[in-house]
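Me: Hi, I have a structure open and would like to talk it through. Can you help me find my way around?

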Amino acid sequence: MNRRRHVWWLGLVTAVAGVLPACGRADPHVLTFAGSAVGREAEIIRRQLERFQAANPGVTVELRPTPDAADQRHQLYVQWLNARAPDPDVLQIDVVWTPEFAAAGWILNLDPFGPATEEFFPAAIDANRWNRSLYALPWFIDVGMLYWRTDLMSEAPRDLEALGRQAIRARDHAGVPYGFVWQGARYEGLVTVFLEHLGAYGGQILDADGRVVVDSGAGVKALTYMRDAIDVDRFVPPAVLTWQEEQVRFAFQDGQAAFMRNWPYAYALLEESPDSRVAGRFAVAPMPAAEGGVGTAALGGSELAINAYSGDPATAYLLIDYLLGEEQMLERARLIGQYPSRPAMFDTPALADALPVRRDDARRVIERAVPRPVTPVYSQLSEILQVALHRALTQQQEPDAALREAATAMQALLQRVRLAPSGS
Amino acid sequence: MSVRRPQPDAAGWRAEEARLGWWLTLPAIATIGLVAVVPIAWTLWESVHLHDLRMPWLGRPFVGPANYIEALTTARFREAVGHTLIFTVVTVTLELGAGLALALALNRIVRARGVLRTAVLLPWAVPTVVSALVWRFMFESPAGVVNGLLVAAGLTTAPPTWFADATAAWLPLCLADVWKTTPFVAVVLLAGLQGIDRSLYESAQVDGAGAWRQFTDVTLPLLKPALFVACLFRVLDAFRVFDVVYVMTGGGPGTATEPIALYTFTSLLQNLRFGYGSALSFMVFVFTFAGALACLRWLAGDTLLDRAR
């Protein structure tokens, strides 16, 4: 199915890429915007693009829908940009793609446009810098957080150990089959869950100089905690090793788990789904810390960037600036629960009405968010790590051996693409 | 003055025929060249270059055998070769066994044979992606049908998490493939069975051969060509297995069930390492091509020529 769809898209792209450059050049004020366009997200973006056009007579924006699966969208973008297609002019990209596209020279340095970077969450701005230049602006923020059942316990766990104890108690005495559920399938989600456990123990994947330090003591402790939660203490079901976001949400939504690690999108669904058994009986908290670290949230979210070959970067920036406006962000928060990337908005009552979650809870989590390694080869590093983590969690390898192997492979990769810090 | 062509002698005529023959096959040869030889040559060219779509700053330098050396020294590649071989041996053996049994049974049935044969072919007609998805749902944890049955039958209280267990994951994978392709083997073998002269069995009976003796001395030797064909097709298919694994396990847990084709796909289309991925593809191509050639030789020498004689 995936392959077929891929071929289909390829055909479409070839056809469209052949036709559109010509129109683009004929009228410099035709922009194309590529991004998510399914369901409510599609409605919102259509409406916002229309408002933008009404406010800017003479500018036309075409919406180019792209696949919703991150991998497929990424492949498509790489094919477009690598072929130096002048469109789409504005791209919705994942936060971890910014350095990759920037280093390849595919997206524009935004500094010349003078963006007001101080108005956004610093972590989100940092994740969009490459070689000290800014290449994208944060559109909305995704953060990993802990969902907990208010009917099973009186407060959120203070640290990972307490989380384990509370999860075991809930499983043994409250008739909940699972203590804690998270995304454990071999995919990007697993890396974000690991990153949060890693931060809890005070570890990092790459250090400030770009050296691989994932196999440090903290890394081994974090991975051992995750594995033991499945195999020794058994408050995490082994089934999570095949689960992504939605399976995890369904388990929690069916009332089968005391804790869940998930993104903000789940909140509204848990609250509003007619078949939700936990509506009104859960809350969110930051992921807890452990000894030696701090509570950590993986930073995700979407960014807006400009195609380096765009024929009209100035107008493209105008569009980005419009989409990042408070009114637009508020609309996204209200309709799909996405967190704005502007901290000031969290002080406004308007956002309190718009977000289902308490805005202070949300801001607390965002302020603890750490980006994944900011490097052009992030996807490859992530793949190496995914395999190692999954091997350790499925008991094919000990955590320390798995992480050591992964660190060696990651270091070799950085060396090969000449991104390793000198002197290592 | 008119030029009269000299009457062609026999040799000249034959040469002309041969030349005409070449002209007539030229379009076919050109087509094969365009759709087979050119892409293969291109892949070979890519495979000796560094070409990473995500890292244009590295350029596309010639790197000689570096990509091949990297593959051969990468544990994940060697494991993928091992997984592919295991998968091929296990599934093809099971498919040939089950297919033969099915063919023998079908061959015995006289009534409603057409309907039955169609029914048997059904799994083969289901798209692999669909059947693989169905099998995955059946083995899903914790709510899959299989685990439900295992518990209901009292066989276990804690059924395995199939796709999170490096060993257990092979079972649904192989089952799905065997279920899907056994019908193909059965139909090929059934055709072979129907080509065997009935009178041979009658004379064997007259000579006092029992059912087993008839099977080993009459059926099996005469079924050899069909068995070879089925085996060849299945081995080549199993060696390139992709879809069923992609859908069911994605090569996991870890990379415990990852075959070569999936590893190549990941390197080439997900990591966009065109040079390295091409080296992997080229190795798979050489393996399968050599295998196919050897089988064809063997098959032709053994049976087709016998028939022609």
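This is a predicted model: local features need pLDDT of at least 70, side-chain atom pairs count only at pLDDT 80 or more; totals for chains, interfaces and linings use all residues.

Me: Where is the place of Pro88(A)?

Reply: Pro88(A) lies in the loop between H3 and strand S3 (90-94) of chain A. Arg84(A) is found in that loop between H3 and S3 too. Arg84(A) is not a glycine, yet its phi is positive, at about 55 degrees.

Me: Is Arg84(A) buried or exposed?

Reply: Exposed, because 12 other C-beta atoms lie within 10 Å of Arg84(A), and a residue with 12 or fewer counts as exposed.

Me: What is phi like at Asn131(A)?

Reply: Phi of Asn131(A) is near 50 degrees, again a positive value in a residue other than glycine. Asn131(A) is placed in the loop between strand S4 (129-130) and strand S5 (133-134) of chain A. With 9 other C-beta atoms within 10 Å, Asn131(A) is exposed.

Me: Let's zoom out. How many helices and strands are there in chain A?

Reply: Chain A has 16 helices and 13 strands. Its radius of gyration is 22 Å, close to the 22 Å that the globule rule gives for 424 residues, so chain A is as compact as a globular protein of that length. The C-alpha atoms fill a box of roughly 70 × 50 × 45 Å along the principal axes. Of the 424 residues in chain A, 51% are buried.

Me: How many helices and strands does chain B have?

Reply: Chain B has 12 helices and 0 strands. Its radius of gyration is 26 Å, whereas a compact globule of 309 residues would have one near 19 Å. Along its principal axes, the C-alpha trace of chain B spans about 100 × 80 × 30 Å. Buried residues make up 30% of the 309 residues in chain B.

Me: What about contacts between residues 24 or more positions apart in chain B?

Reply: They account for 69% of the contacts in chain B with a separation of 6 or more. In chain A, the share from residues 24 or more positions apart is 73% of the contacts with a separation of 6 or more.

Me: Which helix of chain B is Phe77(B) found in?

Reply: Phe77(B) is in helix H3 (residues 75-108) of chain B. It counts as buried because it has 21 C-beta neighbours inside 10 Å. Leaving aside neighbours within four places in sequence, Phe77(B) is in contact with Ala71(B) and Tyr263(B). Phe77(B) and Tyr263(B) are 186 residues apart in sequence, but their C-alpha atoms are 7.3 Å apart in space.

Me: How many residues of chain A are in contact with chain B?

Reply: 24 residues of chain A are in contact with 24 residues of chain B. On the chain A side, the elements that give two or more residues are helix H3 (70-82), helix H4 (98-103) and helix H15 (378-393). H15(A) gives the most, with 5 residues. By class, the chain A side has 11 nonpolar, 8 polar and 5 charged residues.

Me: At what angle do H7(A) and H15(A) pack?

Reply: At about 75 degrees, with their axes 9 Å apart. That angle makes H7(A) roughly perpendicular to H15(A). From H7(A) the contact uses Glu188(A), Leu190(A), Val191(A) and Phe194(A), and from H15(A) it uses Ser382(A), Leu385(A), Gln386(A), Leu389(A) and His390(A). These divide into 5 nonpolar, 3 polar and 1 charged.

Me: And how do the axes of H7 and H8 of chain A cross?

Reply: The axes of helix H7 (residues 188-200) and helix H8 (residues 217-231) of chain A come within 8 Å and cross at roughly 120 degrees. H7(A) and H8(A) are therefore oblique to each other. The crossing is right-handed. Phe194(A) takes part here too, among the H7(A) residues that make the contact with H8(A). By class, the contact has 8 nonpolar, 2 polar and no charged residues.

Key: Residues are numbered from 1 along each chain as its sequence is written. Chains are lettered from A and ligands numbered from 1 in the order in which they are written. Axes are lines fitted to C-alpha atoms, for helices over the stretch in contact, and angles run from 0 to 180 degrees between N-to-C directions. Helices (H or I, at least four residues) and strands (E, at least two) are DSSP runs, numbered from the N terminus. Angles under 35 degrees count as roughly parallel, over 145 as roughly antiparallel, 65 to 115 as roughly perpendicular and the rest as oblique. A crossing is left-handed if the near helix is turned anticlockwise from the far one by less than a right angle, and right-handed if clockwise. Two residues are in contact if their C-beta atoms, placed from the backbone, lie within 7 Å. Ala, Val, Leu, Ile, Met, Phe, Trp, Tyr, Cys and Pro count as nonpolar, Asp, Glu, Lys and Arg as charged, and the others, Gly among them, as polar. The radius of gyration is taken over C-alpha atoms; the globule rule is 2.2 Å times the number of residues to the power 0.38. A residue is buried if 20 or more other C-beta atoms lie within 10 Å of its own, exposed if 12 or fewer, and partly exposed in between; C-beta atoms are placed from the backbone.
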